[in-house]
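Visitor: Could you show me how to read the aromatic side chains in a structure? I would like the general idea and then the case here.

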Amino acid sequence: MPVRSEFIENAARAVAGVAFTGCSVVNTAQSQPGGRRRQVVVNGRRVKTIDVHAHCVIPQALAMMGQKLEDQKEPEIVIVAQDRIRVMDEQGIDVEALSINPFWYKAERELADQVIKIQNEKLAELCAAHPERFVAFASVALQFPDLAVQQLEAAVKKLGLRGAAVGASVAGEEFSDPKFHPFWAKAEELGVLIFIHPQSTPELAKRFKGNGHLANVIGNPLDTTIALSHLIFEGTLDRFPGLKICAAHGGGYLPSYAPRSDHGCRVAPSGCNPQIVLKKKPTEYLRSLYFDSLIFTPEALRHLVAEVGASQIVLGTDYPYPWQSESVDHVLNTPSLSDAERAAILGETAAKLLGIKL
């Protein structure tokens, strides 16, 4: 994908314009002596690993929204690109696809446009400065779908970004709403990946209060579950069959209890719209979606493969948040996977989706 020459020329500024921020990380990955990159090997063959789920923020964009870097959740880590690359080397991550969690969905149009512009330009500059290590998902102002269409096209065609990162809803509105159809149509036309990352489930904030970080632990996977279910049941995936969607955190709860979806309209037809006739069983749509590997046990990964197919799973670390500090080993050490499935999950599938040369 082409990258404008001015971004290559200005790439040196990228390190100062992008912050990798998150929780304190206890890194238990296999470090290599002398700071060498960990080489990931499957059955004697070197595998390029691609992490589709890695976060950063743009301090300048935060400031435009009246926010500060130090006000972000648990910002103990603020590192430059070389520090991030060092940790990637330790963990055995060759390429990271960077994304920014949406915080601009309630902004007015002009401000939202400015925020997206600076974020996408800074991400493009960083990727140009380290083309072998980083690609990025664009930000888009989905509260204005027509603007989001323009931003996505410009980000992909002019800046070389590989798709877009979106929330699981837009200020309380579901992605299945027809107002978002132009955005999905443009994503399908461009053939790029849309990475869905949840933002808790604000409507349940009162019930999430108390011990356990429940707004995230429960709220995030629930948010993704609701978003995917609406895309299936409202016929959005039928309308745009060529969409490439990747859901964070293994798709939330949906793959774990998917068969219940096949029985809902039979048990309670009054709760279903007779004008929406799906082309497949609800569970069958899962095999056309993609999911990251950010789940926590070999059994969970085995079950996800059984529900959606190994071809639909890509590596996700959620770095720098330490949910899963040994994501590569999680895939390597899941005994139910074949070597071909391990190689696909670690990088081969993501390479195809993101246009990365293996």
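Guide: Let's start with burial: a residue is buried under 20% relative accessible area, exposed over 50% and partly exposed in between, using a 1.4 Å probe and protein chains only. Trp-104, at 0% relative accessibility, is therefore buried. Tyr-105 has 7%, so Tyr-105 counts as buried too. This is a predicted model, where local features need pLDDT of at least 70 and side-chain atom pairs pLDDT 80 or more, while totals for chains, interfaces and linings use all residues. Residues are numbered from 1 along each chain as its sequence is written, and side-chain values use heavy atoms, leaving out hydrogens and water.

Visitor: How is a pair of aromatic rings described?

Guide: By the distance of the centres and the angle of the planes. Rings of Phe, Tyr and Trp (its six-membered ring) pair if their centres lie within 6.5 Å; planes under 30 degrees apart are stacked, over 60 edge-to-face, and the rest tilted. That rule gives 7 aromatic pairs here. In one of them, Trp-104 and Tyr-105 have ring centres 6.1 Å apart and planes at 80°, so they are edge-to-face.

Visitor: Why is the pair of Phe-175 and Trp-184 edge-to-face?

Guide: Because their planes stand at 85°, with the ring centres 5.6 Å apart. Both Phe-175 and Trp-184 are buried. Ring pairs also join these two with Phe-180 and Phe-183 in a cluster.

Visitor: Which charged end sits over the ring of Tyr-285?

Guide: That of Lys-280, 4.6 Å from the ring centre. The rule asks for NZ of Lys or CZ of Arg within 6 Å of the ring centre and within 35 degrees of the ring normal.
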